[in-house]
Amino acid sequence: MRVLLREHGYQVETGCVLAGRCGEHEVDAVAEKDGTTVFVEVKHHVSHHRVTGLDEGRIARAIIEDLQEGGFRSGRCVVAIDGA
C-alpha cells in the first residue's frame with residue numbers, strides 16, 4: 001500500500017494513531033498530496049471473492065467526523081483529515 005501511494009505522488013506515514021473527540025483511532029496510514037490529507041484503512045481477505053461490507057464505509061465516515069470535529073478543531077490532533 002505504501003509503495004503504491006508513493007508511486008502516485010503521496011507522502012505516506014504508516015502506523016498512525018490519531019486523536020479525535022470521542023477517542024483515538026489507529027489507522028493503517030495517513031497520506032498527503034496537493035494539500036489534501038486522507039487516512040487509509042486497508043482490508044485484506046484470504047479469498048479475493050469475499051466482499052468488504054458497507055459497515056466499513058460507515059465506520060470510516062464516523063472516524064472522519066470524529067477527527068475533523070473533535071480532533072483537529074479542538075487541537076487534540078495536529079493533522080487535518082479531509083477524507084478516507
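**Salt bridges, cores and a hairpin**

Modeller: This is a predicted model. Searching the whole structure turns up 2 salt bridges.

Colleague: Which residue does R58 form a salt bridge with?

Modeller: D55. The closest N and O atoms of R58 and D55 are 2.7 Å apart.

Colleague: How many residues apart are R58 and D55 in helix 2?

Modeller: They are 3 residues apart in helix 2, which spans residues 54–72. That puts about one helical turn between R58 and D55.

Colleague: And R58, buried or exposed?

Modeller: R58 counts as exposed, because its relative accessibility is 54% and the cut-off for exposed is over 50%. D55 counts as partly exposed, at 46%.

Colleague: What about E65, which residue is its salt bridge with?

Modeller: R61. There the closest N and O atoms are 3.3 Å apart. Both E65 and R61 lie in helix 2. They are 4 residues apart, about one turn of the helix.

Colleague: What is the relative accessibility of E65?

Modeller: E65 has 34%, so it counts as partly exposed. R61 is partly exposed too, with a relative accessible area of 43%.

Colleague: Switching to the inside. How many residues are in the largest nonpolar core?

Modeller: It has 10 residues. Among them are C16, L18, V27, F39 and I81. A60, I63, I64 and L67 are also in the list.

Colleague: Which elements each supply at least two residues of this core?

Modeller: Strand 1 (11–19), strand 2 (24–33) and helix 2. Helix 2 gives the most, with 4 residues.

Colleague: OK, strand 3. How many of its residues are buried?

Modeller: 4 of its 5 residues are buried. Strand 3 covers residues 36–40 and is mostly covered.

Colleague: In what sense does strand 3 pair with strand 2?

Modeller: Antiparallel, over 5 bridges.

Colleague: How many residues sit between strand 2 and strand 3 in the hairpin?

Modeller: There are 2 residues between them. D34 is in the turn.

Colleague: What is the phi of D34?

Modeller: Positive, about 55°.

Methods
Residues numbered from 1 in each chain as written. Predicted model: local features only at pLDDT ≥ 70, side-chain atom pairs only at ≥ 80, totals over all residues. Heavy atoms only, no water. Salt bridge = Lys/Arg side-chain N within 4 Å of Asp/Glu carboxyl O. Buried < 20%, exposed > 50% of the residue type's maximum accessible area, 1.4 Å probe, protein only. Core = buried A, V, L, I, M, F, W, Y, C linked by side-chain atoms within 4.5 Å. Pairing = 2+ DSSP bridges.
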